[in-house]
Amino acid sequence: PTSRGGSSYCSSDARLTILQMFVLVALAVLLFHHAPVETDALVDCTGSPACEDRRREECNPLGTVPNACGDCLLGNFGGEGPTNSYCLSNSSCAAIYPGMTTCPIPGISGIYDYPQLPLVLPFGRCVCDSGDGLRWPTAPGKCATIRMAIDGGAGYYSLERCMSPTCERDSCTTLTTWAPAQSLDALSNFVCRQVGSDAAIVVDDCASVIGNIPESAFCGHPGLINGALESVQQYIVKCEIAPRCPENVLPDTLEQTCCLGTDKSFATDESSSNQAKGFCSLGTTVDSLVGKPVNVEILSATGFRDADEMLQGNSDPYCTGAILGQPQTRFETRVVDDTQDPVFNAEKVMPAPQYGDLFEFICWDRDYGDADDLLGQAALPTESWEAAPGFDGEIKLTDTGGAQAYIRVRITSATASPGNDCAVRTIADGWRGCACLGLDSMPLDDRVCTVDCTLPGCGDDGSGIPPTPEHWRTSEVPDSLLTNDRSERVASAASRLASASRIAAITCAWFAAANRAR
């Protein structure tokens, strides 16, 4: 700087130098913030466990804890990372055993033979007793849930009893908690806890709690069935009245016709002259289904994606079934509008599938005016259906557009005879019908029907009873086999007696008049 006339000033060269200095400082700061992190600033992840096996994200070198896994993978449940505890799977649940002191876990496909069934709580779902105590007799009308404790970072699982049907936290009371599993052995062996008069446990795979128990058994009443549309992998129970019985179940002879039908009832197939099976008849089976007529049923599907565009509603699915490479065997279900979890109950008899044949099932979204969208497809190889009694279960679909979708199908012999081997319950509180039992005395899913009932939801005139599914229908029973009720029989007899009396009186009067005329 120089002074001229008492004033300080900078030359143009000096001003340029200062500007350059500011630019250099700014660049230095920018480079400092974006410089590669030195190796000694990273946390050590070389000793971290196999995080994927623990259902967690991998160890993060930029994290704060060395050799520790991250958060739970999407769809699994556990505390926030970094930690090495195991996360519960997306098929985990808790089970409450009302009035019991132990938690009898039958194991996958095991036998459950205790009188009181557990209240099953899929993780994060709110499950309620309707107030009649059928599902939770020690807490009628209450709800329950299993979820992460409020302090989610610690990873504790909290079992809660709630007053709200949506299990809002402020309506819930914690019954007990479980610490997160630190080993595979601990993940499969959580401690059974006593909570009041009940026992409770949390399990990583809910199938181990279910064992061989049919879903409908959890409804607690022989006239109620599990009509949930959710995937069975979620073990959601939504109990509803069983549909009306087919025509060959007669109210006056329930025990007989539930098992045997009638000698005047014939199969729905017009080309068949075989007597219709009794609704609960187990029938005789064959050793192998290969080369023999089989009945192929597409029962339902779950988990379809929403293939319709915004503001156009939900998917309108339908499915086709066929033997791969044999288009003449193709059949199609009805279209079920606006749902991702349709119930179809469609069937077809296929004459003689051979060893090596694949049953192919393809599902579509019906688009009116445009090409239908593929929702998924699956194939069932011979090995899955050839041995009697066939196949009855869910198949995971591929090409689903990212959805976890399943189709439920059943393949059985179409030539098995009706048979007399039958176990059935026909009467329960407020209900009459056919509740078919298997050889293990457990109710058979999809084999319960209603004749009449006064249960809540039936309606005063029975209007609440769902209609008979098409695959249960038989030909109508002739009037000669139907028994009128007592009032109708008495009225009919009285009418006949009155007619006879009038005829006798007229006859007597005619003879009297004739005698007087003589």
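Q: Which residues does Glu160 touch, not counting residues up to four places away in sequence?
A: The model is predicted. Glu160 lies in strand β7. Leaving out residues up to four places away in sequence, the residues that Glu160 touches are Cys143, Ala144, Thr145, Arg147, Arg169, Cys172, Thr173, Thr174 and Leu175.

Q: Is Glu160 buried or exposed?
A: The relative accessibility of Glu160 is 5%. Buried means under 20% relative accessible area. Glu160 therefore counts as buried.

Q: With which side chain does the side chain of Glu160 make a polar contact?
A: Glu160 touches several residues, including Arg169. The polar contact runs from side chain to side chain, at 3.4 Å. The partner of Glu160 is Arg169.

Q: Why is strand β7 largely enclosed by the rest of the structure?
A: Strand β7 covers residues 157-162. Glu160 lies in this strand. β7 is largely enclosed because, of its six residues, the number buried is five.

Q: What is the order of the strands in the open sheet of four strands?
A: β6 (residues 143-148) and β7 pair in the antiparallel sense over six bridges. β7 is also joined to β8 (residues 172-178) by six bridges, again antiparallel. Two bridges join β5 to β6, antiparallel as well. The order is β5-β6-β7-β8.

Q: Which strands stand at the edges of the sheet?
A: The open sheet has the order β5-β6-β7-β8. Each edge strand has a single partner strand, so one side of each is left without a neighbour in the sheet. The edge strands are β5 (127-128) and β8.

Q: Which residue in β6 is the bridge partner of Val127?
A: β5 and β6 run antiparallel and are joined by two bridges. The bridge partner of Val127 in β6 is Ala144.

Q: How many aromatic pairs does a search of the whole structure find, and what is the angle between the planes of Phe279 and Trp472?
A: The search finds five aromatic pairs. Phe279 and Trp472 form an edge-to-face pair, 4.9 Å centre to centre. The angle between their planes is 85°.

Q: How many residues apart are Phe279 and Trp472?
A: Phe279 is in the loop between α4 (254-260) and β13 (294-302). Trp472 is in the loop between β23 (443-453) and α6 (486-517). Phe279 is buried, at 3% relative accessible area, and Trp472 is buried at 6%. The pair links distant parts of the chain, 193 residues apart.

Q: Are the rings of Phe359 and Trp385 stacked or edge-to-face?
A: Their centres are 5.2 Å apart. Their planes stand at 75°, and planes over 60 degrees apart count as edge-to-face. The pair is therefore edge-to-face.

Q: In which helix is Trp385?
A: Trp385 is buried, with a relative accessible area of 0%. Phe359 also counts as buried, at 0%. Phe359 is in strand β17 (residues 359-365), 26 residues apart from Trp385. The helix that holds Trp385 is α5 (residues 382-385).

Q: Over which ring does the charged end of Arg447 sit?
A: Elsewhere, Arg366 lies over the face of Tyr318, 4.4 Å from the ring centre. The charged end of Arg447 is 4.3 Å from the centre of its ring. That ring belongs to Phe279.

Technical notes
Residues are numbered from 1 along each chain as its sequence is written. This is a predicted model: local features need pLDDT of at least 70, side-chain atom pairs count only at pLDDT 80 or more; totals for chains, interfaces and linings use all residues. Side-chain values use heavy atoms; hydrogens and water are left out. Buried means under 20% relative accessible area, exposed over 50%, partly exposed in between (1.4 Å probe, protein chains only). Two strands pair if DSSP finds at least two bridges between them. Rings of Phe, Tyr and Trp (its six-membered ring) pair if their centres lie within 6.5 Å; planes under 30 degrees apart count as stacked, over 60 as edge-to-face and the rest as tilted. A charge sits over a ring if NZ of Lys or CZ of Arg is within 6 Å of the ring centre and within 35 degrees of the ring normal. A polar contact is a pair of N or O atoms within 3.5 Å; within protein, one must be able to donate a hydrogen and the other to accept it, and residues adjacent in sequence count only if both atoms are side-chain atoms. Contact means heavy atoms within 4.5 Å.
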